Amino acid sequence: MDLNKKFTPETWPDHPERATLEAKNKFVGFWLFLGGETVLFATLFATYLALKNKGPSGFGFSTQELYQLPLVFVMTMLLLTSSLTSVYAMYHLKNYNFKKMQLWLGITALLGLAFLMLEVYEFVHYVGEGFTFDNSAFSSAFYTLVGTHGFHVAIGLVWITLLIFRNSKRGLNLYNGTKFYTFSLYWHFIDVVWVFIFTVVYLMGVIG
Amino acid sequence: MMKGLKKWRLFSLLAALTVFLAGCGQEELSTLLPAGQVGQDQFNLLMLSSAIMLLVIIVVVTIYVVALVRFRRSKVGEDHVPEQVEGSHTLELVWTIVPILLILLLAVPTVYYTYKLGDVTAMGAVDEDGNAENLVVDVTAKLFWWEFEYPELGIVTAQELVVPMDEKVYFNLIAADIKHSFWIPAVGGKIDTNVENVNKFYLVFEKDSKKLKDGVFYGKCAELCGPSHALMDFKVKTMPRAEFDAWAKAMQATGEPSTDVATVSQGEEVFQQSCIGCHATSAVGESGAVGPNLASFGDRNRVAGFMDHTEKDLKDWIKDPQKYKPSNQMPEFGSKLSEDELDALTEYLMGLSVEK
Amino acid sequence: MSSVAQKKGFGATLWDWMTTVDHKKIGILYLAGGGFFFVLGGIEAMIIRLQLLRPNSDIVSAGLFNEIITMHGTTMIFLAAMPILFGFMNAIMPLQIGARDVAFPFINSLGFWMFFFGGLFLNISWLVGQIPDAGWTSYASLSLVSEGHGIDFYAIGLQIAGGGTLMAGINFLVTIINMRAPGMTYMRMPLFTWTTFVASAMILFAFPPLTVGLFLLTFDRMFGGNFFDHTMGGNTIIWEHIFWIFGHPEVYILILPAFGIFSEIFPIFSRKRLFGYPAMVFATVLIGFLGFMVWAHHMFTVGLGPTANAIFAVATMAIAVPTGVKIFDWLLTIWGGSIKVTTPMLYALGFIPSFVMGGVTGVMQGAAPLDYQLHDSYFIVAHFHYVIVGGVVLGILAATHLWWPKMFGTMLSETLGKVTFWFFFIGFHMTFLIQHWLGFWGMPRRVWTYMDGQGWNTANFISSIGALLMAIGVIVLVINIIITTVKNVRVGNDPWGDGRTLEWAISSPPVHYNFAQTPLVRGLDTYWIEKSEGNESGITPAEPIQDIHMPNGSIIPFFMTLGMFIAGFGAMYRVETSWGLSALIFGLVLTFVSMAVRSLQDDLGYYVKKDEILRDLKRKGGRK
């Protein structure tokens, strides 16, 4: 593969993420990886549901009292929006518009960062109320499930930041096109997982 | 249908024969000599499945041997290139459908017995007077010993389960520290004692343990639970109902305050000073003791579940329990008690009996 | 390739192996690493049998015995059987589909180093003197109270090794999906490739639960978590579910590649096409699928209730059907063939009755009420050794003899191979057949010793003698390997003379780019087709001779894994030592910096020039 080969929007392939064998491998491999991630989160969800509201005798926390839906709703909106902005970025990837792609990816990262900061705020708030990781099976399961998601968001942020900066001079080529694309796959996956967390943990916790 | 059944009986007989030829183990702990309905059901299932599986093995080995004899290269010629057969739909169908039928043959009794042996609905049944119809034993597994409480009778014992014969005995089982598994091989399959929930099942004891070599059935812990997992044995005494009732009464009587304080033996004195903190000599009470209840110690078959029931072994055990059962909870008394005190204590303990 | 390596100095050779991304070399690394741990696990097994030789034995203490059985199980499953199979998958599968490498050569190397460092981590527990002792299943209530860092070694070591396994699984999947040669449709893939494919898919879905389970265990033990502490609302049964949701598929991850190996051996040494190929493929996929539906049959005695037990009992029995299909297809493959009993074929022939025995006892235990008796007795020990040794290990030994010439270019001695087989085979049956009866006679598994007078003495004695015979067999194999390597008699492309699949069409060992020209595949057993049509070269090329793109080697995987290894120690000793926390941070930084370096550089690989390929072809005397 020649990194110096220059493209125009016309010569740029329709599916840059699958244009070379290496790219195709990454593309398929990443989908498979997300399959494994799904099982990972499924296991965490199952554990959480089994341990929900469970604690030592005289345990004082329950999902109803703990969770604050307005905050979580804002977080959900931030992450959903960031998924949308990453779609814009992919649109510009397909049209070989590097500057706009970088811009939308930057916005995506900022939204993700805002989400993460709110999550940190949420956790700090709970800990302040005495709902610490080691205080019950419920708290352990909650922090592990939601925290694992948060950790994924953080990894995603580091990843996209590195991608944006490392390629800012290079521009788009068939080597890094897949990298941007797989990031967006990853980001959508995180978003979907959050939708499940929002529903299963928060909505069902407060209402159900 | 009947004809088919007969055929299977024949097969079971054959299978049984093979197993018997190979040895059945010892009566007090072999699953092949079931001493109760549960074990018998499981044994029947073993015979049925062995027969089916033996059939499969015979078919496979026959084809295998014939192929191996007939189609050796030395026979068919060094340069022979066999026909490259792709397969056969008929054959594929045959060896898909026949195994399915065999599996069904095994699956139906499996499901039936699963429900039958899992049925504990009669556990809490009471008769017209409000008395429990069935004997219920609460089993608590601890590192590395067993506690048996008879809640209806208000008594508790340890290491040696005593049960009446020829009736369903129901069990509530739980572990006090870490997970164990309760298994009396000759009487029926095991069930785990979990730490977080009570498991329930039943067993039926149909053989009098007095006729056995040691006068007891052997019980085992079947879940790895630490260094002395292998030594976490218990014993089971079965007896006719009338004898059991007498035993229970005698056990209840151990709760009455002992006789004159002045005639307390030296051994009892030692016991009061050194042992009473963990061990009780009254069988009246509930489970939850630190150490095994010793009310019927003199009647027991083993010291600490597995050592010979002799004064020597008992003394050895008291002196240094860690040496014989690593990681168990009992402290050593070798440095705390004199030989005299030990002799007295041993004599006292051996005299704790309700079965005289 | 090897002749070049021999000229290099030791340092350069070491560097070459540490940085290699060549699937064939990584295959050899896996084989060597797995072989090392296999011997280690074998020594542990011998100590176990020595201790149980006689009643009331105290050769090893009670606590040490539990440590040995735990390490024996864990080592054999995670560090011996799986890596050795990965070795063959790596070395052979790309050749079978006509590929020049795997899809992710860098990740391939990373996967190996993670396995190796994970295994090392686990076994360093022996040196520290704090050894896992809760069984390879590490059931939560026991593993939580286990003192010292033993279980931490288990959790972190397996976490690292398991990560490597997951990567290898994804890598093999993508390789098979994307990198098959032209004409190599799914239904033309050799069975070993198929079983690699299904086993990899199972890895993908079975290992994440293990990852989660190990994390939860680590959290509970080291970071104040309460997942399995029932006094804090936790539940130990969760661990059992998670472990077996991983653990049961894991068994099939091991056995399916072994099935694949035998499915290669029977046709080669019967000179006959695999009987019922589509049925074989379908059965493999079905076994893989059903493998995820039956985990609770390991938990019949946990008290899940009759309904759950009945469902899982019937599902378990259902697996016998596709497995039976396979057995009969193998039998019909040799039926009407021209059977030559070479060492690999001997193993394959020994496998059939052994595995059938293991299979039927599995069905017996699938009958839940019967399992109440057999569970956690010596019967189960006999059963899973019949499956794992009678299936997987015989498969591994067969593959070692079958593919040794392909991997190293020289044949293992057939005579010594047969000696190994008979010692191993007789020893195996002697060790484990009698254990079924020990189970019937009431002997629980994982017992450190047993009292006299329970009728178990003779059987245990026989069993231990059998183990000794197996050990002799393995020692003969090691001698065989040494002699063969010293003699180093070179062999041609198709040393067995009846090879059917693509790997036999190229030189032994293959050049580092495998195929000078990508082959065109015209059917199942493509090399056989070419041979029978009189094509001397054995390959119909699908492309002209041209420059070949190959990946660059890299040392980064080594450092990335080294970082995790160091971080693991740091995490363990973070509280009680002064260096713990810094080691944790340093390790993590090393790993992440390595990842960043990898991510920031443009690693585009290099080209093998057409001239060099032509030169290689000439030196080998044409493609033959």
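Predicted model: local features only at pLDDT ≥ 70, side-chain atom pairs only at ≥ 80, totals over all residues.

Reader: Let us begin with the chains. Which pair of chains has the most contacts?

Author: Of the two pairs of chains that touch, chains B and C have the most contacts. On that interface, 76 residues of chain C are in contact with 77 residues of chain B. The largest share of the side belonging to chain C comes from helix 12 (residues 320-334), which gives nine residues. Sorted by class, this side of chain C has 46 nonpolar, 24 polar and six charged residues.

Reader: How many residues of chain C are in contact with chain A?

Author: Here 32 residues of chain C are in contact with 33 residues of chain A. The elements of chain C that give two or more residues to this side are helix 7 (150-178), helix 8 (191-222), helix 9 (236-270) and helix 20 (580-600). Helix 8 of chain C gives the most, with eight residues. By class, the side of chain C that touches chain A divides into 21 nonpolar, ten polar and one charged.

Reader: How far apart are the nearest C-alpha atoms of chain A and chain B?

Author: They are 12 Å apart, and chain A and chain B do not touch.

Reader: Now to the form of a single chain. What is the radius of gyration of chain B, and what would a compact globule of 356 residues have?

Author: The value for chain B is 27 Å, whereas a compact globule of 356 residues would have a radius of gyration near 21 Å.

Reader: How many helices and strands does chain B have, and what percentage of its residues is buried?

Author: Chain B has nine helices and twelve strands. Buried residues make up 43% of its 356 residues. Among contacts in chain B between residues at least 6 apart in sequence, 69% join residues at least 24 apart.

Reader: How is the packing of two helices described?

Author: In general, one gives the angle between the two axes and the distance between them. For helix 5 (105-128) of chain C and helix 19 (residues 556-573) of chain C, the axes come within 8 Å and cross at roughly 30°. Angles under 35 degrees count as roughly parallel, and helix 5 and helix 19 of chain C are therefore roughly parallel to each other. Helix 5 passes helix 19 in a right-handed crossing.

Reader: Which residues meet in the contact of helix 5 with helix 19 of chain C?

Author: From helix 5, the residues include Phe106(C), Trp113(C), Phe117(C) and Phe121(C); from helix 19, they include Pro557(C), Phe558(C), Met564(C) and Gly568(C). The residues of this contact divide into twelve nonpolar, three polar and no charged.

Reader: At what angle do the axes of helix 13 and helix 16 of chain C cross?

Author: The axes of helix 13 (residues 343-366) and helix 16 (residues 414-440) of chain C cross at roughly 10° and come within 10 Å. These two helices are therefore also roughly parallel to each other. Among the residues that meet are Leu346(C) and Tyr347(C) in helix 13, and Glu414(C), Lys418(C) and Phe421(C) in helix 16. This contact divides into four nonpolar, five polar and two charged residues.

Reader: Where is the cis peptide bond of Pro509(C), and in which loop does Pro509(C) lie?

Author: The bond joins Ser508(C) and Pro509(C), with omega about -10°. Pro509(C) lies in the loop between helix 17 (457-487) and strand 1 (519-520) of chain C. In chain B, the peptide bond from Leu143(B) to Phe144(B) is cis, with omega near -15°. Phe144(B) is in the loop between strand 1 (135-142) and strand 2 (145-150) of chain B.

Key: Residues numbered from 1 in each chain as written. Chains lettered and ligands numbered in written order. Contact = placed C-beta atoms within 7 Å. Helix = DSSP H or I, 4+ residues; strand = E, 2+ residues; numbered from the N terminus. Nonpolar A, V, L, I, M, F, W, Y, C, P; charged D, E, K, R; others polar. Rg over C-alpha atoms; globule rule 2.2 N^0.38 Å. Buried ≥ 20, exposed ≤ 12 C-beta atoms within 10 Å, placed from the backbone. Axes fitted to C-alpha atoms, helices over the stretch in contact; angles between N-to-C directions. Parallel < 35°, antiparallel > 145°, perpendicular 65-115°, else oblique. Left-handed = near helix turned anticlockwise from the far one by under 90°.
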